[in-house]
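Let's take a walk through this model together.

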Amino acid sequence: MKKRLFWVAALLVVLGSLELAVYSRIKPPQKAPPRMTGTHIPEEMLKDQPAPMPLPPPATRPPDDQPRPGRERKPAELTTPTPTVEQLQAAVKGANVIIVVLDAMRADHVGCYGYPRDTTPNIDRLARESVVFEEHFCQFPHTTSSTASLFTSQYPDTNGMVFDSQDDLRYGTAVVDPAAFTMEKGLQGAGLATHLFTANLCASPALGVGSDFQEVKALRKSWRYQVGAIRGRRSRGGPGLAEVPMRPIGDLLPTVAARLKPMCASRFFAYVHFLPPHIPYQAPKAYVDLFRDQHAPGYWQGEAAFSQVWLRTSGSAATFTGDEWVNRYDANLRWGDDRLGKLLEMLEAAGVLDKSLLIVTADHGEGLGEHRYEFHMTCPYDEAIHIPLLIRFPGGKGPVGRVTALTQTIDLLPTIMDLFQIPYPKDQVQGRSLLPLLTGESQRVNDYVFARTGGVYPCYVVRSKDWSLLLYRGGKLRALYDLWDDPRQRYNVIAKRPEAAAAAAQAFEAFAKAQRWPPLDFVDPKYQPPAGRERPTQEVSEETRRQLRALGYLK
Ligand SMILES: [Zn+2]
């Protein structure tokens with residue numbers, strides 16, 4: 001017995017010293033990252049400005065940065081005959097519902113969305129049997145808020161899941177109102193057992209979303225765990241986040257596989273949230289080798305270099321170029337797509353894939369340096385909010401094709417409820433059912449979609465098919481991009497096109513007034529929010545608080 005204890009202790013010492021050896025290989029940064037500037041941004045707002053702001057118009061237009069060809073596109077191009085609502089409902093009768101999320105998967109890096117690299121062979125194959133929504137957007141480029149909007153069909157300013165700062169004490173205690181109607185409640189009420197599998201704690205009841213699922217399986221050692229552990233070490237005088245590499249993350253597939261048989265014994269709703277392509281970009285070597293040392297197609301980098309913080313989280317990334325960083329992201333995406341492919345194989349082998357409505361999407365995209373943003377939470381541009389959405393009907397026997405109408409995350413709940421004929425409280429649900437786009441009854445469901453970012457300088461995005469308007473708190477700072485002339489959102493034309501900005505701002509006001517906590521301070525500097533409307537928080541146990549502190553969510 002003593003001998004065994006000795007060997008266990010010796011093993012721990014060896015592992016500990018290996019960890020130290022890894023840390024000591026990472027050199028601290030040589031110089032601070034360059035500060036961003038912006039000619040149209042008031043100087044006082046740039047003081048201590050931690051987040052990038054709207055881009056000033058560049059002096060010259062690069063030759064490879066061309067407008068999109070033509071403004072006219074058909075809103076829906078289905079390759080199958082247009083179904084009736086009754087046919088759509090018959091196609092899902094008795095079916096399961098499976099939603100698969102690849103965390104931080106931006107649409108323009110997916111093959112069936114036009115990316116020339118082979119990053120997503122499984123999604124591309126799926127697209128041939130699915131309806132692909134080309135212009136789909138999330139409500140908040142942040143896992144917890146976006147997932148809350150998916151499950152509630154409410155904007156963050158109505159379901160309360162808004163995070164303006166990583167240090168916000170509500171972070172970790174904010175919770176979807178227990179009284180709110182949720183996707184999992186609705187489907188459970190219709191007789192489906194509900195299961196949530198997540199590799200990101202941010203999409204779990206630990207952070208206030210998915211609390212109504214009957215079964216929750218969360219990988220505890222997700223990347224958040226690692227960040228928390230690193231922060232903890234720093235507070236004890238150890239190396240900080242920037243100095244240590246992240247360890248490879250866990251794989252969610254075995255967790256799903258272990259529960260597959262009992263899950264498939266009855267009708268079910270499964271929400272499966274994979275972490276890749278989210279940071280750390282640490283796909284196995286075989287995936288990294290696919291794109292190593294290549295020029296990332298279509299990639300352009302903003303005027304400032306990366307802040308280097310996130311780069312350093314992947315080990316020797318301090319020396320990465322923009323191309324290599326994108327190559328790593330793409331490798332990670334390919335890895336995530338591979339996880340999805342394996343999941344589909346498992347579902348097929350279990351005989352449930354063709355008996356399920358399958359939805360593949362993302363919670364948000366990812367900045368790769370284009371607008372001086374890496375990561376996603378604070379980025380208001382398409383790279384962080386434009387996400388894929390594919391809907392495959394059971395057996396691939398539903399409509400197939402492409403929809404170019406504007407859609408958003410909150411639209412999924414009413415779409416699913418309408419398909420399964422489940423009644424839902426229309427006054428609580430803010431999304432629009434997408435069925436009219438599939439039946440041809442309507443050619444658009446949204447004139448605008450609305451997204452919000454977090455961080456110290458939160459920003460609203462008011463996005464139509466033609467324009468993207470950015471609004472910052474205080475109502476004075478704005479930016480406008482012409483999405484047809486300037487699809488990369490590089491030229492702020494707010495001074496040239498005041499009428500387009502005014503129309504979008506008007507749409508924002510109507511949107512804002514409809515929220516439980518109206519964000520009217522983004523258009524009116526004098527606006528005072530109404531008193532007495534506390535956002536819901538969850539009563540957390542001391543044990544959960546201890547865990548949240550260890551994760552870095554609470555002080
Ligand atoms: Zn996420």
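Helices and strands here are DSSP runs numbered from the N terminus, with helices being H or I over at least four residues and strands being E over at least two. Residues are counted from 1 along each chain as its sequence is written. Bear in mind that this is a predicted model, where local features need pLDDT of at least 70, side-chain atom pairs count only at pLDDT 80 or more, and totals for chains, interfaces and linings use all residues.

Start with the backbone. Most residues other than glycine have a negative phi, and most peptide bonds are trans. Ser153 sits in the loop between α5 (143-152) and α6 (156-159), and its phi is near 55 degrees, a positive value in a residue other than glycine. Is Ser153 buried or exposed? It's buried, with 31 other C-beta atoms within 10 Å. (Buried takes 20 or more other C-beta atoms within 10 Å of the residue's own, exposed 12 or fewer, and partly exposed is in between, with C-beta atoms placed from the backbone.)

Ala104 also has a positive phi, near 70 degrees. You'll find Ala104 in the loop between β2 (96-102) and α4 (121-127), and it is buried, with 27 other C-beta atoms within 10 Å. Then there's a cis peptide bond joining Pro276 and Pro277, with omega at about 15 degrees. Pro277 belongs to the loop between β6 (268-274) and α10 (285-291).

Now the helix pair. Helix α9 (residues 253-264) packs against helix α12 (residues 322-349) at an angle of about 10 degrees, their axes 11 Å apart. (Axes are lines fitted to C-alpha atoms, for helices over the stretch in contact, and angles run from 0 to 180 degrees between N-to-C directions.) So α9 is roughly parallel to α12, a label for angles under 35 degrees. Leu253, Val256, Ala257 and Leu260 of α9 meet Arg339, Lys342, Leu343 and Met346 of α12; contact takes C-beta atoms, placed from the backbone, within 7 Å.

Finally, the sheet. It's open, with 4 strands in the order β13-β14-β15-β16 and antiparallel pairing, where pairing takes at least two DSSP bridges between strands. β13 (449-452) and β16 (478-482) stand at the edges, each with a single partner strand, so one side of each lacks a neighbour in the sheet. The twist averages 15 degrees from one strand to the next. Helix α16 (residues 498-513) packs on this sheet, touching β13, β14 (459-463), β15 and β16, and its direction makes about 60 degrees with that of β15.

Note on methods
Parallel < 35°, antiparallel > 145°, perpendicular 65-115°, else oblique. Contact = placed C-beta atoms within 7 Å.
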